[in-house]
Amino acid sequence: MQTPPSNTPGNGRAVVIGAGPAGLMAAEVLAAHGLAVDVYDAMPSAGRKFLLAGRGGMNITHSEAQPDFLPRYGNRREQVAPFVRRFDADRLRQWIHDLGIETFVGSSGRVFPREMKAAPLLRAWLHRLRESGVRLHMRHRWLGWQDDGSLHLAGPEGDISVRADAVVLALGGASWPRLGSDGSWVPLLRERQVEVAALQPSNCGFELDWSEHFRERFAGQPVKPVVASTALPSGGVQNRRGEFIVTAQGIEGSLVYAMSAALRETIASTGSARLYLDLLPDWSLEKVEAELAHPRGARSLSSHLQSRLHLKGVKAGLLRELMSKEDFADMGKLARAIKALPLPVLRPRPIEEAISSAGGVSFEALDDALMLRALPGVFCAGEMLDWEAPTGGYLLTACFATGHAAGLGVVQWLKDEGRHAGLATPSTEGQK
């Protein structure tokens with residue numbers, strides 16, 4: 001087994017496994033404090049998932065104030081909040097501006113690079129990292145630890161053994177495995193007695209049992225605007241306005257993704273879930289009832305729905321798909337269904353199709369600086385931690401923030417251990 005030459009200066013050496021946003025942010029912090037940093041990643045180039053996520057417009061963060069921002073992290077809000085507060089949306093935007101990339105706030109409050117692309121940002125970032133001395137090693141897959149405690153990696157020229165004073169793992173979850181996040185790290189940590197919650201799809205589509213007629217006619221069509229609601233496993237109801245898309249297998253899209261955690265957890269506990277749709281969110285039930293009661297003469301009920309309520313196409317199709325003929329002909333039941341149409345949701349789509357994943361390294365397995373309690377000197381960051389959030393910039397913000405925190409955690413741990421008391425404390429620490 002080969003051992004690569006060390007580039008360790010007097011202040012020591014850190015290794016980062018994973019070249020996504022969390023790993024690269026950790027590497028930047030480490031280099032800024034005088035550590036020699038080597039980043040290893042299994043993919044041919046850095047930031048593969050980051051680049052693909054930016055193809056439709058790079059939503060980097062959100063402009064919401066923290067009281068609205070932090071609840072987006074659901075039942076892990078308390079664990080994620082300290083890191084997001086330290087490296088929040090404003091600091092993230094300033095960090096992007098320091099790379100020479102301008103940002104703007106869209107009408108929805110989402111924050112984008114001016115060019116709406118991830119590639120210019122990543123290029124500028126990688127250039128700055130290399131200028132700071134960070135070395136990137138692509139096509140190197142982490143395989144765990146050797147008996148002597150060194151890192152075991154498989155590279156293009158065979159297996160190598162790597163030693164470091166500290167390690168940051170930023171290996172992602174299990175969504176989009178073709179881009180590197182395949183969850184193969186889970187057994188490696190469990191073997192070391194690290195608690196890892198099962199990885200599950202998040203921000204994902206769900207399967208419904210459509211009829212062949214409905215599937216052939218409406219698959220691919222958007223349903224908008226609607227208000228969707230579903231029961232929360234912890235009690236209460238989640239309501240959200242937006243749109244989604246009918247697929248051959250079920251439903252997907254931003255509205256569904258935002259409710260995916262509640263739907264997934266309800267299915268896990270009860271076997272199925274219901275998503276209720278208000279097909280006319282700007283109409284009261286009384287107004288719908290009054291319009292349906294209007295005489296329709298010789299017109300068909302479909303024509304009546306279109307004329308009086310402007311319901312047609314996929315919305316009318318959903319009513320016919322999910323209601324019996326008898327209920328569809330009952331104006332009272334039809335009115336109530338228009339305002340609360342139940343969709344029986346069967347199961348999430350596979351994790352490989354999900355935008356992100358839930359589950360991962362339990363926060364109980366980590367200290368406040370994101371170091372593994374079972375493995376001193378090993379820190380974790382990014383999506384491999386057990387948290388989830390909706391799309392809208394919240395995912396990337398927490399990845400950057402936990403990468404930043406893990407880097408600072410390494411620096412402080414090395415100082416506390418007395419290994420490298422001379423580590424630098426740059427004036428740009430708050431931004432890097």
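This is a predicted model: local features need pLDDT of at least 70, side-chain atom pairs count only at pLDDT 80 or more; totals for chains, interfaces and linings use all residues.

User: How many helices and strands does the protein chain have, and what percentage of its residues is buried?

Analyst: Helices (H or I, at least four residues) and strands (E, at least two) are DSSP runs, numbered from the N terminus, and the protein chain has 16 helices and 20 strands. A residue is called buried under 20% relative accessible area, exposed over 50% and partly exposed in between, with a 1.4 Å probe and protein chains only. Of the 432 residues in the protein chain, the buried share is 53%.

User: Which residues of helix 4 are buried, and which helices are included in what covers them?

Analyst: In helix 4, the buried residues are V80, A81, F83 and V84. Contact means heavy atoms within 4.5 Å, and what covers these buried residues includes helix 3 and helix 16.

User: Where does G74 lie, and is G74 buried, partly exposed or exposed?

Analyst: G74 lies in the loop between helix 3 (66–69) and helix 4 (77–86). Its C-alpha atom is separated by 7.1 Å from that of A389, although the two residues are 315 residues apart along the chain. Because its relative accessibility is 46%, G74 counts as partly exposed.

User: What volume does the largest pocket have, and which element gives the largest share of its lining?

Analyst: On a 1 Å grid over the protein atoms alone, a pocket is an open set of points where a 1.4 Å probe fits, with protein on both sides within 12 Å along at least five of seven lines, and lining residues have an atom within 4 Å of a point. The largest pocket holds about 1000 Å³ of space, and 50 residues line it, with K49, F50, A53, W176 and E383 nearest its centre. The elements that give two or more residues to this lining include helix 1 (21–32), strand 5 (110–113) and helix 16 (394–416). The largest share, 5 residues, comes from helix 2.

User: Which residues does the cis peptide bond join?

Analyst: Most peptide bonds are trans. The cis bond here has an omega of about -20°, and P225, one of its two residues, has its place in strand 13 (residues 222–231). The residues joined are K224 and P225.

User: What is the phi of H310, and is H310 buried or exposed?

Analyst: H310 is found in the loop between helix 12 (301–309) and helix 13 (313–322). H310 is not a glycine, yet its phi is positive, about 60°. Because its relative accessibility is 58%, H310 counts as exposed.

User: Is S362 buried or exposed, and which residues does S362 touch?

Analyst: S362 has its place in the loop between strand 19 (356–361) and strand 20 (378–380). With a relative accessible area of 2%, S362 is buried. Not counting residues up to four places away in sequence, S362 touches R76, E195, V196 and D386.

Technical notes
Residues are numbered from 1 along each chain as its sequence is written. Side-chain values use heavy atoms; hydrogens and water are left out. Grid points are joined across faces, edges and corners, and a volume is the space filled by probe spheres set on the points.
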